[in-house]
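Reader: Could you walk me through reading helix packing in a model like this one? I'd like the general idea each time, then the case at hand.

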Amino acid sequence: MSDRDALESVQGSKPPSPTVGYSGTSVVTPKTKPEWSRRNFIKGVIASGVTVSGAVYFGPVLSRPEPLSAQGVERLITLRVNGQTRRVDVLPGETLAMTLRYKLGLTGTKLGCDRAECGACTVLIGEVNHYSCTILTHRIRDREVTTVEGLEGSSGELHPVQQAFIDELSPQCGFCTPGQVMSAVALLKSNPKPTRDEARIALAGNLCRCGAYDHYLNGVMRAAEETANA
Ligand code: FES
Ligand code: FES
């Protein structure tokens with residue numbers, strides 16, 4: 001083997017050696033030998049890795065039915081969402097955002113980054129805002145979850161934060177709005193009269209690609225004022 005052939009074989013651009021089943025123009029596969037090679041092994045690892053990661057991501061939506069107790073976790077569970085009791089079949093690694101959107105049809109909860117960076121998926125668990133894309137649904141079985149759909153009043157009226165965001169023309173494209181609303185609601189529950197800086201800090205985990213931050217802050221301050229005067 002020339003030096004060039006040796007280099008190409010370790011880089012994987014050519015079969016390992018012309019003396020092992022390579023005839024110059026076509027690969028000769030010995031019938032009695034299994035087709036193990038470094039290249040096939042690496043191809044197998046890559047292929048299986050892609051399959052597994054894809055299955056994890058799309059699992060809640062696309063996977064076939066599995067036994068109810070897959071991986072030792074009971075899949076059919078009861079959740080408390082927006083004041084209702086919901087029975088839902090949840091995969092062991094399924095996130096709350098996926099359950100809300102694709103199992104319960106609560107698509108007001110948006111998925112932006114799906115990795116705890118943007119805040120589009122913010123919901124309340126109890127009275128605290130959380131990123132639902134990074135919480136496993138199985139971990140919140142006994143907790144009360146509130147999504148943006150759950151803020152509606154008994155007569156169908158908007159939550160004061162929602163109304164204030166409309167009055168202040170806070171959203172532009174609106175994609176981040178449900179998350180901004182939920183963080184603002186959580187803030188006003190714990191601090192009904194925030195300063196503007198406190199509101200800014202409270203909404204810091206909600207990114208807005210339209211850059212409408214000041215408009216959202218105007219909305220939070222208006223909601224606080226109007227709630228205090230109500
Ligand atoms: S989708 Fe959850 S933080 Fe971005
Ligand atoms: S209004 Fe468009 S991302 Fe915030």
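Predicted model: local features only at pLDDT ≥ 70, side-chain atom pairs only at ≥ 80, totals over all residues.

Reader: What does the secondary structure of the protein chain come to?

Author: Seven helices and five strands, taken as DSSP runs numbered from the N terminus (helices H or I, at least four residues; strands E, at least two). Along the sequence the pattern reads α-α-β-β-α-β-β-β-α-α-α-α. Of the 230 residues, 33% are buried, meaning under 20% relative accessible area with a 1.4 Å probe, protein chains only (exposed is over 50%, partly exposed in between).

Reader: Which residues of helix α4 are buried, and where on the helix do they fall?

Author: The general idea: an α-helix has 3.6 residues a turn, so residues three or four places apart point the same way. In α4, residues 160-167, the buried ones are V161, Q162, A164 and F165. Looking down the axis of α4, they fall within an arc of 165°, so they line one face of the helix; the arc is that of the directions from the helix axis to the C-beta atoms. Their cover includes α5 (177-190) and α7 (213-229). Just after α4, L169 has a positive phi of about 50°.

Reader: How do the axes of α5 and α7 cross?

Author: Two packed helices are described by the angle between their axes and the distance between the axes. Here the axes of α5 and α7 come within 11 Å and cross at roughly 40°; they are lines fitted to C-alpha atoms over the stretch in contact, with angles from 0 to 180 degrees between N-to-C directions. In contact (heavy atoms within 4.5 Å), T177, Q180, A184, L187 and L188 of α5 meet Y216, V220, A223 and A224 of α7.

Reader: Is T177 buried or exposed, and what does T177 touch?

Author: T177, in helix α5, counts as buried because its relative accessibility is 14%. Leaving aside residues up to four places away in sequence, T177 touches F165, P171 and Y216.

Terms used. Residues numbered from 1 in each chain as written. Chains lettered and ligands numbered in written order. Heavy atoms only, no water.
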